[in-house]
Amino acid sequence: MKILATLFLAGCTAIAAVAAPSILTLKQSITDNSIIYPESFETDTHKMMQNWYLQNYMVLNTNYSKVPVIDASDEVYIKRLSQMPTVIEMPYNQIVRSYINMYTQRRRELVESMLGMSLYYMPIFEQALERHGLPLELRYLPVIESALNPDAVSRVGATGLWQFMLPTARGLGLEINSLVDERRDPYASSEAAATYLKQLYNMYNDWSLAIAAYNCGPGNVNKALRRAGGENKDFWSIYYFLPQETRGYVPAFIAANYVMTYYNQHNISPALAKRPIITDSVHINKRVHFNQVAAVLDIPVEELRVLNPQYRKDIIPGDIRPYSLVLPSMQVYSYIMSEDSIVSHDANLYAQRTVVEPTPLDYIDPNMEYTTKLVVKKHKVRRGETLSKIASKYGVTVAELKKWNGLRKNSIARGKVLKINTYQRVATGKKKNVEAQQSAELAQVADSAAITAVTDSANIAAKEVAAAPVTEAKATPKVNDTAKAKEKPKAKPAPKQSYRYHTVKRGESLSTIARRYKGVTIADIQRANSIKGTNIRAGQKLKIPHI
């Protein structure tokens with residue numbers, strides 16, 4: 001009986017084991033036929049290989065068509081993953097294999113590009129993880145997040161190497177504005193990522209859940225945990241309750257660790273360094289443009305952008321607060337010694353304009369005579385400028401630009417100097433006789449008023465005569481009477497109107513000008529200057545009556 005009872009219990013145990021597989025069994029047996037790969041797999045490899053760093057510091061293989069693809073068995077993959085010195089568990093299953101195949105077969109060129117970039121970025125990632133006491137295998141998260149592209153932007157707006165959304169980044173203390181985006185800064189973003197990953201691990205005490213939460217947020221992971229029910233859950237036990245794009249995140253992380261470790265086992269050529277890149281940083285407390293640094297230190301602007309991708313407009317706003325500039329280490333001392341020359345180089349071109357300087361037309365001297373003359377200006381074409389932009393800037397047409405400079409095409413090379421024909425009002429050097437001009441104008445107004453008054457009186461008299469009754473016995477007026485009749489009292493001249501003069505400035509209207517002078521209305525100004533509408537122009541001189 002004891003033997004039968006023992007066999008019965010053993011059978012029940014076996015059935016229970018099949019009915020409720022352990023988590024280890026689930027990790028190994030889970031499958032998914034609708035895998036969604038991260039956006040980083042869509043990276044344009046050809047564009048990535050044009051990166052200045054890869055072009056100048058690395059030697060890349062450009063002919064993968066002749067390199068045979070080496071696959072491996074499940075047993076080999078399991079063995080290699082188990083031999084990786086990691087704290088985070090790296091299980092193997094059908095989903096993990098699909099990601100490994102993607103890296104080692106279909107995206108081999110992407111892996112080589114990332115291997116080239118990793119020589120520069122991995123030490124930065126590792127230092128941040130070490131400072132926070134985190135597993136170093138997390139350094140491969142940016143591989144699946146951004147393919148090691150600091151300028152990567154996802155469809156939903158996640159940006160930088162670690163793909164931070166704007167609210168999360170600001171919550172972690174990263175600066176984001178029109179000039180600076182620290183999500184693109186390898187150092188600042190790595191520090192923020194390490195801080196965030198540590199917070200997530202402290203929340204779940206499980207790295208697979210922390211990594212999943214990094215991708216989709218703690219809210220989605222908590223929801224999946226509630227739906228899965230039970231305790232002691234990990235990523236694999238809530239796999240089917242997670243958003244579909246997050247399900248492949250942990251498998252992709254395992255595959256990234258594998259391929260960045262065993263790439264040579266799959267005939268993926270390691271990127272060879274032409275020369276080492278050793279960098280250092282210097283604090284900038286003045287406003288500096290990359291073009292100023294490049295011109296004085298003879299550094300390519302592209303290299304400055306690769307080393308400092310956080311500056312969105314090539315401007316370091318050091319006048320706001322000190323900012324860090326990463327340079328090749330040999331150039332740091334040169335910058336310190338040449339900082340004054342750098343800041344003063346083309347200072348007028350790159351200076352921040354807090355007050356816009358008005359054009360000379362805003363300062364027309366009413367006492368000076370002006371004339372219009374042709375002025376030929378020269379314009380040096382800058383990066384990103386087109387003929388259309390240049391023409392708009394000077395108020396001319398593209399056709400005129402092409403005619404003046406003998407151009408046939410609309411394209412224009414950077415650095416070319418163009419001739420611009422413009423017309424400007426320039427002073428003749430002669431001063432107007434303002435007093436005489438004002439007296440003449442006042443006399444003209446007075447005469448006009450007097451003539452009007454006399455004419456009105458004559459018209460009234462004529463009307464009175466016409467209205468008088470006609471008598472038959474009307475004596476013929478004597479000569480003396482006729483003379484007296486002609487000697488009617490003259491109409492008193494209207495009092496002379498005195499005026500002030502106002503030169504219209506840019507942005508002024510009749511309404512704003514009228515408010516400046518007490519008692520003066522828009523109608524008064526219109527009447528004094530024979531203006532029917534309200535259109536006035538900058539530089540126009542207006543008579544303002546004394547009311």
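A pocket here is an open set of points on a 1 Å grid over the protein atoms alone, with protein on both sides within 12 Å along at least five of seven lines, and its lining residues have an atom within 4 Å of a point. The model is predicted, so local features need pLDDT of at least 70 and side-chain atom pairs count only at pLDDT 80 or more, while totals for chains, interfaces and linings use all residues. Residues are numbered from 1 along each chain as its sequence is written, and side-chain values use heavy atoms, with hydrogens and water left out.

**Exercise 1. Describe the second largest pocket and its lining.**

Step 1: start with the space. The volume is about 610 Å³, counted as the space filled by probe spheres set on the grid points, which are joined across faces, edges and corners.

Step 2: find the residues. The lining has 18 of them, and Asn291, Leu349, Tyr350, Arg382 and Arg383 lie nearest the centre.

Step 3: look at the elements. α15 (290-297) and α18 (347-350) each give two or more residues to this lining; α15 has the largest share, with three. Helices are DSSP runs (H or I, at least four residues), numbered from the N terminus.

Step 4: sort by class. You get six nonpolar, five polar and seven charged residues. Ala, Val, Leu, Ile, Met, Phe, Trp, Tyr, Cys and Pro count as nonpolar, Asp, Glu, Lys and Arg as charged, and the others, Gly among them, as polar.

**Exercise 2. Work out how α10 (residues 186-204) sits against α11 (residues 207-216).**

Step 1: get the geometry. The axes come within 8 Å and cross at roughly 130 degrees. Axes are lines fitted to C-alpha atoms, for helices over the stretch in contact, and angles run from 0 to 180 degrees between N-to-C directions.

Step 2: name the arrangement. α10 and α11 are therefore oblique to each other; under 35 degrees would be roughly parallel, over 145 roughly antiparallel, and 65 to 115 roughly perpendicular, with the rest oblique.

Step 3: list who touches whom, with contact meaning heavy atoms within 4.5 Å. On the α10 side, the residues are Ala193, Tyr196, Leu197, Leu200, Tyr201 and Tyr204, and α11 brings Trp207, Leu209, Ala210, Ala213 and Tyr214.

Step 4: check the classes. This contact has eleven nonpolar, no polar and no charged residues.

Technical notes
1 Å grid on protein atoms, 1.4 Å probe; cavity = no way out; pocket = protein on both sides within 12 Å on 5 of 7 lines; lining within 4 Å.
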